[in-house]
Amino acid sequence: MKRKLINALILIVVFVIFALVMGQFRDQTVDLTLPFFMTTKVSVEGIAYVSFFTGLLLAAGIGASRELALHRSHRKAVEKAQADAKKAQESSTPAGGPGSQDQNPE
């Protein structure tokens with residue numbers, strides 16, 4: 001939980017710095033040339049925000065995949081430890097099991 005709060009705080013700080021820097025370019029426009037599209041005039045601020053949010057989505061996707069991989073590896077480690085503990089417990093009990101001794105000798 002602490003790691004997620006730190007990541008959220010870093011994201012907020014980066015976004016605020018980004019907004020402060022991009023605020024200086026509000027009234028500037030550039031010619032944007034994309035393959036297969038017409039050249040258009042676009043504000044620098046708009047291009048910056050689109051690229052920022054595209055990067056944010058990519059980073060969120062990478063972070064989510066890392067988190068899933070960590071959960072998966074942890075789950076496998078826990079299952080292996082449980083299997084090892086069960087195997088160790090089975091090897092320490094007598095061959096006939098705990099209830100195999102004759103309780104009622106005649």
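I looked up Leu 9 to begin with, and at 55% relative accessibility it counts as exposed, because exposed means over 50%. I am working from a predicted model, and I keep that in mind for every value below.

I then asked where Leu 9 sits, and I found it in helix α1, which covers residues 2–22.

Next I moved to Arg 26, which lies in the loop between α1 and β1, the latter being residues 29–32. Is Arg 26 buried or exposed? At 54% relative accessibility I have to count Arg 26 as exposed, since the cut-off for that word is over 50%.

I also checked what Arg 26 touches, and, leaving aside neighbours within four places in sequence, I found it in contact with Ser 43 and Glu 45. For Arg 26 and Val 44 I wrote down a separation of 18 residues in sequence and of 6.9 Å in space, taken from C-alpha to C-alpha.

My last entry is on Glu 45, which has its place in helix α2, residues 44–92. At 15% relative accessibility Glu 45 counts as buried, because buried means under 20%. Not counting residues up to four places away in sequence, I listed Met 22, Phe 25 and Arg 26 as the residues that Glu 45 touches.

Note on methods:
Residues are numbered from 1 along each chain as its sequence is written. This is a predicted model: local features need pLDDT of at least 70, side-chain atom pairs count only at pLDDT 80 or more; totals for chains, interfaces and linings use all residues. Side-chain values use heavy atoms; hydrogens and water are left out. Helices (H or I, at least four residues) and strands (E, at least two) are DSSP runs, numbered from the N terminus. Buried means under 20% relative accessible area, exposed over 50%, partly exposed in between (1.4 Å probe, protein chains only). Contact means heavy atoms within 4.5 Å.
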